[in-house]
Amino acid sequence: MTLLLAPLPEKGIGLPHDASLHGWRIDALINETSVYVGLLFVIMVAWVVLACLRHGPRHEARFDHGTSTRSIAVGLCIAGAIFFVVDGPLFVNSLILARDVFGNFAKVEADPKSVRIEITAHQWAWVARYAGPDGKFNTPDDIVTFNDVVVPEGTPILFQLVSTDVIHSFNIPNMRAKIDAVPGMVNRVWFEAKETGEFDIACAQHCGLNHYKMKATLTVLPRPDWEKWAAEASANSARDYDPDDREAHWGWDWSEHARI
Amino acid sequence: MQAIPSEERAAHEELQPIHHEPKSFFFKYLWSLDHKMIGRQFLWAGLGFLLVGGLLAMMIRWQWAFPGKPVPVLGSIFLRSQGGAIGPATYMTIFTMHGLIMIFFAITPVLIGAFGNFLLPLQIGARDMAFPWLNALSFWTFALSLVFVILSLFGELGAAGAGWTTYPPLSTNVGTPGSGQTWMVAAVFVTGVSTIMGGINYVTTVIRHRAPGMTWMRLPLATWGLWLTAILNVLFVPVLGSAALLLLLDRLFGTQFFIAGATASVSGGGDPILFQHLFWIFGHPEVYILILPAWGIVSDLLSFFSRKPANWYRGTVYAMIAVCVLSAMVYGHHMFLTGFTPLLGQSFMLLTLIISVPAELLFLNWLRTVWQGSIRLTTPMLFSLGMLFVFGMGGLTGLYLGATATDIYLHDTMFVVGHFHLTMAAASFVASLAAIYFWFPKMFGRRMNETLGKVHFWITLVCLVTVFSGQLLAGYSGQSRRLYDPYQYTFLKHLLGVNRVASYAAFLLLFAQFIFIYNFIRSLIAGEKAESNPWQVSTLEWFTASPPPYHNYDRIPTVLRGPHEFADPEVRRRLGRDFIGQAEELPEAMPPAVASAG
């Protein structure tokens, strides 16, 4: 088994290390937008500075209401052009990414390798449940972990989340994955890790006193190591199963379309 | 120029007769019906709570720079029981109260309460609001809500702590059982009642009390901004009121509108997301409620101090109207990660991105107004240009958050905090300061010191940009908002440096405000006396005394042209100056060229 250390610290200002297969798509869109936005901002500031330098008190103001058809047309064209060049890619790429990647649950569900995990969030911890060899949740062979999510590398990981008290938000910055856990709802999110290691899972939604400490560890193992871990953990669970411990018997029938 | 029939003027005089100024202290200063006095009441209350909200912000900044260390000065006064340091429970009340106080009890009263009241009747040539009594009631209802805020601050188990967004179930007894949270929800409800009364008054006043000749397309843009804001308030604050009322029922009477859960610890058949819908149906227009007056004011000031007509006045008006209409249809972008169906999220994304078109038109108009002008970098002008700078940053960073893909990563990070502070906080604050420096002579009959004003401007701008850029960078690097100690997370440890720099800038920002306070008080007492039109500009309020008499205008003016008539060669030839008032007649018969320019 690979020797693992605590999550690696980040360096410098910038997006945290991307350990997911598809995170770069979000990063690229952010960075591309930054180029346009930066350019617009520089032009705006330069314009104002130049106006102040050239058209100061000694310059005679032009009597112009800017209402000529030409002037209005120029304004509308610039605004339209900015919309299509800057907002356009954001919109189109968001649609494409939702369809093909981040919202494409059908593909992940159809993949026989996919790992399914149920998460219950509560003040202030993340409890994870794996179905175990029988593929059914809330059975004696389920693996249940506390603030500790272990997943295989190179495999789509599919989460369904609930909350038992207030709203939390399941956030794994290094995987560019985030979704709210809302009482009364089952939400879902998926990612695929492209490298092994340990990463922070954080709560992104203010959930009370210890919100800042609602932290879990995501451990990504090579697929064979993970299978070994899962087999051992499942055997342990089955052995320690206590039919009378009702508190421990949560979990819901996994439905691929469990959405409200 | 269409002639104004004398009957119309007579009708206005009859509608708004001159009342005698009350002499008793109670009716002059407390239950005053005079919009100028009520505006001042809102100004004092708003500035006072701005300071409270600002001090709370300093404590948040201290915690991010020196987590768990005793807070200098403030800690030894307010946090003595905790050894002067901020604990996690105190921390969550601090950021909650900071947000709620700044939005509802500082920026709203200053921009809308003070300037809305002071400017609207003066700028449209009216003697007072349409409903002066309702106006006074609006202020005193607001004052009642301030009492609730103070009660919350000293509430059992601390002040409100569920965040300014007050999401249930955290904001119900499940998460925040203390009385502080209840008082604060009640305060928001009561201030909402006050805002609605004010809004109805503003809307009616502008419709009914415009002076003869003051057509819609001759209104100053500040009036347009304030009027549109009033409409949004009347439409959407009731939605907030309903959310607050349902939440109060959940807290006090055991209903379960917003409590859900089928497990042992929390049970209920309500829907927490319903609250978010109600909150953001109000909450997104609220962003524009706070910025529209600022846009209007800045649009006017840029023209005034460029000594040039505002570029494409109608375009600015239409853009502001478009933003108002769209503002009600984009709120879902606050909820992309709540488990929306993708189609809903994507529809909200499209509508959100469309808002950038009118926003771009506004910016283009501002930039083209100053171009080819004769720019006077007075203090109000500097603050107006400063608003362009911070609002530019804030508006552009909104793009990332409006798109569903990029929002996955940036949602609930400090990037969001930086973005909305640049728009709602920095831009509104800077525009409020522009407005105070600009209308101070009209309000108080004295002038503020320009040198101190400019020093104040430069420190304020640099600090605001540093503080909120720091937030943007921290969020871009992954720091979630509302973390008592971000450095608990390995991937955030290295952000202490950038947070500390931003905090130092915030402390300096606070100190710079003392320059302003000093200048304000000194000018109030001993400032140079202002004549009626010290800035040499064209809107109606500058053609009555400074400060205006109780009834504003001895004779209701007859408006002849738009609000930005600068640099007209014909005016220069006949009057020997570069501007002409909205109600000022040109000597000799008016040539057709000038008449059509209105």
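Where is the place of B:P547 in chain B? In this predicted model, B:P547 sits in the loop between α17 (496–526) and α18 (569–575) of chain B. B:A567 has 21 other C-beta atoms within 10 Å, so it is buried.

With 13 C-beta neighbours inside 10 Å, B:L157 counts as partly exposed.

Turning to helix packing, α8 (residues 221–253) and α10 (residues 313–327) of chain B pack at an angle of about 15°, their axes 11 Å apart. That angle makes α8(B) roughly parallel to α10(B), and the crossing of the pair is right-handed. On the α8(B) side, the contact is made by B:L221, B:W224, B:G225, B:L228, B:I231 and B:L232. α10(B) answers with B:T316, B:V317, B:M320, B:I321, B:C324 and B:S327.

Then there is the nonpolar core. The largest one has 266 residues, and those with the most contacts inside it are A:I119, B:M387, B:V390, B:A427, B:V430 and B:A434. Both domain 1 (23–57 + 66–102) and domain 2 (113–246) of chain A give residues to this core, so it lies between them. The C-alpha centres of these two domains of chain A are 40 Å apart. As for B:V390, leaving aside residues up to four places away in sequence, it touches B:L422, B:A426, B:A427, B:V430, B:L464 and B:V465. Two of those partners, B:A427 and B:V430, are themselves listed with the most contacts inside the core.

Finally, the two chains meet in a contact that takes 83 residues from chain A and 87 residues from chain B. On the side of chain A that touches chain B, the elements giving two or more residues are the helices α1 (23–54) and α2 (69–102), along with the strands β6 (168–172), β7 (177–181) and β9 (197–203). Of these, α2(A) gives the most, with 17 residues.

How values were computed
Residues are numbered from 1 along each chain as its sequence is written. Chains are lettered from A and ligands numbered from 1 in the order in which they are written. This is a predicted model: local features need pLDDT of at least 70, side-chain atom pairs count only at pLDDT 80 or more; totals for chains, interfaces and linings use all residues. A nonpolar core is a set of buried Ala, Val, Leu, Ile, Met, Phe, Trp, Tyr and Cys residues joined through C-beta atoms within 7 Å. A residue is buried if 20 or more other C-beta atoms lie within 10 Å of its own, exposed if 12 or fewer, and partly exposed in between; C-beta atoms are placed from the backbone. Domain bounds come from an automatic or database domain assignment. Two residues are in contact if their C-beta atoms, placed from the backbone, lie within 7 Å. Axes are lines fitted to C-alpha atoms, for helices over the stretch in contact, and angles run from 0 to 180 degrees between N-to-C directions. Helices (H or I, at least four residues) and strands (E, at least two) are DSSP runs, numbered from the N terminus. Angles under 35 degrees count as roughly parallel, over 145 as roughly antiparallel, 65 to 115 as roughly perpendicular and the rest as oblique. A crossing is left-handed if the near helix is turned anticlockwise from the far one by less than a right angle, and right-handed if clockwise.
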